[in-house]
Amino acid sequence: MDSPLPLHVCHVNNLSVIINRLHALLHCIAIGFLIYYRASYLLQETRAIPIILWLLVFASELLLSFIWLLGRAYLWRPVSRTVFPERLPEDDKLPAIDVFICTADPEKEPAIGVMNTVLSAMALDYPVDKLHVYLSDDGGSPITLHGMREACRFAKWWLPFCRRYGIKTICPQAYFSEADSDDYFGDSEFMVEKKKIKEKYEMFEEHVTKAVEDGDYGNSQNHSTIIEIIQDTSGESETIRQADLVEMPLLIYVSREKRPDHLHHFKAGALNVLLRVSGVISNSPYILGLDCDMYCNDPTSARQAMCFHLDPKISSSLAFVQFPQKFHNINKYDIYDGRFRSAYCVQWQGMDGLKGPVLSGTGYYIKRESLYADFTHTVNDISELKDTFGKSNVLINSLHQSYKQNNANGENFSNVLQEETGVLASCSYEHQTKWGEEASIKHINLYIVGILYQSVSEDLFTGFILHCKGWTSTYLTPFRPQFLGTSTTNLNDLLIQGTRWGSGLTDVGLSRFCPLLYGPSRMSLLQSMCYGELSFFPLLYCLPLWCLATLPQLCLLNGISLYPEVSSPSFIVFSFIFISAICKHLQEVISTGGSIYTWRNEQRIWMIKSVTAHFYGSMDTILKLLGLRKASFLPTNKVLDKEQVKRYEIGQFDFQTSSMFLVPMVSLMILNMAALLFGFIRIIAVGNWDKLFAQVLLSLYILIINFAIVEGMIVRKDKGRISTSAILLSSVFSVILLFFGSIILM
C-alpha cells in the first residue's frame, strides 16, 4: 500500500551552509590572532598605552567576538519549507481553532484598526463551526466593546462577500484601499456587490469613529470583568439574500478584571485569561495568536499551519508553527529597519534547521496542550490539579481531551458558564496557582502552565522553555504574507519599542533560565547558542559599542594609538575582521533581496539602538534585579502622525523624540567629528598617520553610516530636525567627556 503524500517538505540550502561555515572558520582564525595580539601586549614589561584603556578595548572586542560566535548557530543549517494544504483531510475532520487577539490601549491602538484585525480573523478560510475569535481588551474600554458589536454587524455582509467571490485580502480596510483588489474586475454583478459592501464598510467606520469621538475610554487599570459573546441583534441581517445567510464564527469579547493592587503581568496575563476562558467555552486544540494591528492577509494560513500540526511524523512533539511578521506600511527606504530582515529572513530560518524558531508574539498557531502542560496524562490527583490550575472544576474538566463544551452561539452561554468565566478572568484567580510558571508535580519540574511571566518578552521566554521541555516548532514563509501589521514609522516609537524589547530579552539572559546555562542540558548546543544570542545581544552590543565609539576617539585626540601600525602584519588581522564582518552582512542582505542601502540602514539602526534603546533596556533589567525598579510595559503607538508619515515616505529621519535618546546619539557624533577633524590635523602636523590610521578610519566609518544624524544636527531646518536644545545639551556632555577623558589619558 502506497504511503500518503506528505503535507510538507523541508529544503536545506546547501550553498548557504557551505558559505556560512567557511566564513565562520576563517573569521574565527582571525579572532584568534586578534586575541593573541591583545594578550601578548599585557605580558610586555613596558607599555606605551595605559593598561586600563587596553583592557577596555580588549574586553569590548571579546564581547563582540562572543556575541558574533553565538550568532553563527543561526547559520549552521538554514532551511525553508513548502506546504500542500490541498492534501489536508476533509473540513469535517479538521481540528478547531481559537483566535486570540490582544489590545490594551484604545488611544494608542485605534479601535477601527483592531476591528479590522477581528474581521480578517473571522474571514479565514476554515470551517465556520470550528473557528472562534476572542478579543482581549485589557483597557476595559466601552469603545472597544461597541466596536466589536459594530464589527459583528458588518461581518454579516463581509464574510459572505469574501466566500462567494474568493476574496484573498480579507481585511476590509486593506481590501478597499487596494486599486486592484479583486479577481472579478469588469464583472458587473461583482462590481455592484462590491460597491454595496464598501458602503456598508464606510457606515461601519463612521459608527466606530463616532463612538471613539464621543465615548468613554474607561479606566485601564481599574475595572471589572466583562465577557460577552457578540451577536448581531439589529435585525439587519434579514435584508441579506437568503443564499448568504451562513453561520459566523463565534465572536467573544473578554475584558479581564484589573485592580491597582494586583499584578496583572501585562500581555502574558491577558493571554492566560484567554486560555482559561476559551478552555471552558470552545476549548479548541489549536490557537492562533495575533497582535491587534496584525491582520490576516491570506485566508489560507490556518490550513497551511495544519499541514504541520496534522503530520503524524512531527505532530506529537510540535508546539507551534510560526509565520514571519510583515508590515504593510514600510516604504522602499525602510530607514528604521522595519522589515526585521535579519530575524525573519536569516535567524528564524536558521533556527528552523535546528528544532524550530522562537515564539514571536504574533502570527503563530500553537497547540493548546503545549501550554496546558498535559497534566492529565500523568496526574490524577484533583487536589494537585487545583493547586496548579486553580479551583475551577469546569477548567479542570476542560484539560481532558475528551471535554467538549458546545457553545456554537450565545444561547448556550448559560448563566452558570457566564459566572464561571467571570471567576476565571478575575484578578485574584491565579493566586497560589502555577499560572505563568514552571509547575512542579511530585517535585519534578517538567511543565509550564500558560504563557510565562518571567519577562515582558513573554513570547521568547515561553518558546524557550517549550523547547527545553522537548517541544519543537516550525517556520513557514509563504510568498504571500499571511499576516500584515503596522510598523513604527518614527524614531521615538522605534526606540521606545526597542527599550521594551531590550529589557525583556535581557530579563531572560540574566535570570536563572539563562539559555547558555539552562539550555545545553535540555536542548542542542546550537539551539542554546541561538537563544543565548537573542537574550544577550542588547547587553553585549551596547557596552562594546559605547566603548568603541568613545575610547579610540579620545585616544586619537591625544595622539595615543590603540591599533597596530599600517605596516605591521597585525594590521592585516584587524582589517580582515572588519572587512569580513561587513562583507558577510552585505552578502546576507543581498541574498535575501536587499540592497546596499538596506545594509547601510541596518548598520545605522544597529548602532543607534545599541547606544540608546538597548542600553536603557539592559540597565532597566539590572535595576529590576537590584530591586530599584518595577517591571513596566508601554504599548507601541499605532496612531499615525501625518507629518511624521510624510517624512518617513521620503526617507527622512524624524528626530522628535526624548532627550534621553537624542543626547547619546548626538554626543557620540560630536565626539567622532572632533576626533576625525583633529585626528587629520595631528596626522598632517606630526606625520604619524600609520599609527592613527585605524582610529581615523573608525571615526570616519561611524560618521558615514550615521550621516542622517549629522544632517539632522547641521543641515536640516524642518520640524523633524534635531532640536537646538538637544544639540547644546549634547555639546555640554561631549565637553565633559573630553575633559575627563583627557585627564585620564595624561
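Helices (H or I, at least four residues) and strands (E, at least two) are DSSP runs, numbered from the N terminus. This is a predicted model in which local features need pLDDT of at least 70 and side-chain atom pairs count only at pLDDT 80 or more, while totals for chains, interfaces and linings use all residues. Residues are numbered from 1 along each chain as its sequence is written, and side-chain values use heavy atoms, with hydrogens and water left out.

**Backbone: positive phi**

- Most residues other than glycine have a negative phi.
- Asp334, which is not a glycine, has a positive phi near 45°.
- Asp334 sits in the loop between strand E10 (326–327) and helix H9 (341–352), and is buried at a relative accessible area of 7% (buried is under 20%, exposed over 50%, partly exposed in between; 1.4 Å probe, protein chains only).
- Gln432 also has a positive phi, of about 60°.
- The loop between helix H13 (415–424) and strand E12 (438–441) holds Gln432, which is exposed, with a relative accessible area of 79%.

**Cavities**

- A cavity is a set of points on a 1 Å grid over the protein atoms alone where a 1.4 Å probe fits but cannot get out; lining residues have an atom within 4 Å of a point.
- Points are joined across faces, edges and corners, and a volume is the space filled by probe spheres set on them.
- There are five cavities of 30 Å³ or more.
- The second largest cavity holds about 50 Å³.
- Helix H7 (266–281) and strand E11 (364–367) each give two or more residues to the lining of the second largest cavity.
- Among the residues lining the second largest cavity are Phe100, Leu271, Leu275, Tyr364 and Ile366.
- That lining has nine nonpolar, no polar and no charged residues (Ala, Val, Leu, Ile, Met, Phe, Trp, Tyr, Cys and Pro count as nonpolar, Asp, Glu, Lys and Arg as charged, the others, Gly among them, as polar).

Key:
On a 1 Å grid over the protein atoms alone, a cavity is a set of points where a 1.4 Å probe fits but cannot get out, and a pocket is an open set with protein on both sides within 12 Å along at least five of seven lines; lining residues have an atom within 4 Å of a point.
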